[in-house]
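Me: I am new to this structure and would like to go through it step by step. Could you take my questions in turn and show how each answer is reached?

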Amino acid sequence: MTAACGGQSDGQEAGDNKQVEIFSWWTGAGEEAGLNALIKLFEEKNSNIQVKNAAVAGGAGTNAKATLATRMQGDDPPDTFQVHGGSELNDSWVAAGKMEPLNDLYKEQGWMDKFPKDLIDMVSKDGKIYSVPVNIHRGNVLWYNAKIFDENGIEPPASFDDFFKAAEKLKKKGITPLALGDKEPWGATHLLETVLLGKLGPEDYGKLWTGKLSFEDPKVKEALKTYKKMLTYTNKDHAARNWQDAAQMVAKGEAAMHVMGDWAKGYFTTDLKLKPGKDFGWTAAPGTEGSFMVITDTFGLPKGAKNPKATQEWLRVLGSAEGQDVFNPLKGSIPARVDADVNKYDEYGKETIEQFRDAKLTPSLAHGSAAPEGFVTEADQAVNTFVTQGNVDRLAQTLKEKLEQAIQ
């Protein structure tokens, strides 16, 4: 399991391991606070190992992934790096032979029954496990300003009809109904995938990514039309805002709703000091009650890592109940482990932990789990063109063609 480190320069032999370089994109919102809490816990347990926090800014890892690709292809991997479970891990770095299997570590730590089987499958390929999940995020969440909803007599929208009725009412009052930030292209794709899930249901949504359901199918085009209609209720400056900016619009009462993963909750509570259930509320994105769009952040051990023993110590802390419970309350996510202490989580966290157990789990396109990374990039470009041009047929055709190329 341990990566061979022969030929490294002095101070970097496998027996040294006095440093661990942790590569991520956690630089803002509650994510930085969560990472710092993890690092603090790690240093308490490993005072002899220096942590190098090599985080690269950019929501959803846009910039970090490009930097990582350069390093991995140049045989200069970080000791460990953040990667989404699913296609982003398995169809890129595992398929390229760049990762060490972690089966021995899982057995040593007794993790095989501490993570859900479906989650272990997401970080495995051909029977070998390649990363350790630190969290579970839910992507299909609609956040709303509680005061705006109360003052306007609006209930959290469960269906698209509910959403459009509420949006029209708010628009007439001069309130931006839906905050969007797609300065980083994935923001628009994130909203789209929740609409696809809400209109198609989890089974047909899953068929999209295997090619069993065509993007040119009439019901998919109907979903794209619904998405187009939703965009008419967004802020005009969405292209100049990132997701935090959009979330802040809801926090300040400049907009009523925002569809975003529950890292937004970490931003609301950790950075903006808002009270869940009082200052802001939440519900499943329209039509997605009972479905859970899974985004899981994981870390593994790259082949050729300079400090493999120190990296394994990091993974042990990451996968521990203690590690997950210091990280996730700040990040806004829930633990990947099934035995975490629910009392450490707020109202939203407790509710989400419960729903995760019973919901139908679906992979995220925008965050790398549903389809190969090359297609995700193409989809982001096509969706952002659609946001400005609104051509449903062209978007359906482009997504169909690009996915076929990616999964051949």
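Reply: Helices, in the sense used here, are DSSP runs of at least four residues, numbered from the N terminus. The model is a predicted one, and Arg71 belongs to the helix H2, which covers residues 62-73.

Me: Is Arg71 buried or exposed, and what is its relative accessible area?
Reply: A residue counts as buried when its relative accessible area is under 20%. Arg71 falls below that cut-off and is therefore buried, its relative accessible area being 17%.

Me: Which residues is Arg71 in contact with, once its neighbours within four places in sequence are left aside?
Reply: Contact here requires heavy atoms within 4.5 Å. With those sequence neighbours left aside, the residues in contact with Arg71 are Glu21, Phe23, Asp76, Pro77 and Pro78.

Me: Where does Asp75 lie, and what is its phi?
Reply: Asp75 sits in the loop between H2 and strand E3, the latter spanning 80-84. With a relative accessible area of 64%, Asp75 is exposed, because the cut-off for that class is over 50%. Most residues other than glycine have a negative phi. Asp75 is not a glycine, yet its phi is positive, at about 55 degrees.

Me: Which loop holds Asp126, and what is the relative accessible area of this residue?
Reply: Asp126 is placed in the loop between strand E4 (124-125) and strand E5 (128-129). Although it is not a glycine, Asp126 has a positive phi of about 55 degrees. Asp126 is also exposed, with a relative accessible area of 74%.

Me: How far apart in space are Lys52 and Ile22, C-alpha to C-alpha?
Reply: Lys52 is part of strand E2, residues 50-53, and counts as partly exposed at 41% relative accessibility. Leaving aside neighbours within four places in sequence, Lys52 is in contact with Gln19, Val20, Glu21 and Ile22. Lys52 and Ile22 are 30 residues apart in sequence, while in space their C-alpha atoms are separated by 6.1 Å.

Me: What separation is found between the C-alpha atoms of Lys344 and Thr362?
Reply: Lys344 is located in the loop between helix H13 (321-331) and helix H14 (347-358), and it is partly exposed, with a relative accessible area of 47%. Apart from neighbours within four places in sequence, Lys344 is in contact with Asp325 and Pro329. Along the chain, Lys344 and Thr362 are 18 residues apart, and their C-alpha atoms are separated by 26 Å.

Me: Which residue just after H10 takes a positive phi?
Reply: Helix H10 runs over residues 243-252, and its buried residues include Trp243, Ala246 and Val250. At the start of H10, a side-chain oxygen of Asn242 comes to within 3.1 Å of the backbone nitrogen of Gln244. Just after H10, a positive phi of about 80 degrees is taken by Gly253.

Me: What radius of gyration does the protein have, and why does it agree with a compact globule?
Reply: The C-alpha trace spans about 70 × 45 × 35 Å along its principal axes, and the secondary structure comes to 16 helices and 14 strands. A compact globule of 408 residues would have a radius of gyration near 22 Å, so there is agreement with the value for the protein, which is 21 Å.

Me: What share of the 408 residues is buried?
Reply: Among contacts between residues at least 6 apart in sequence, 78% join residues at least 24 apart. With buried again meaning under 20% relative accessible area, the buried share of the 408 residues is 58%.

How values were computed
Residues numbered from 1 in each chain as written. Heavy atoms only, no water. Helix = DSSP H or I, 4+ residues; strand = E, 2+ residues; numbered from the N terminus. Rg over C-alpha atoms; globule rule 2.2 N^0.38 Å. Buried < 20%, exposed > 50% of the residue type's maximum accessible area, 1.4 Å probe, protein only. Polar contact = N/O pair within 3.5 Å; in protein donor to acceptor, adjacent residues only side chain to side chain.
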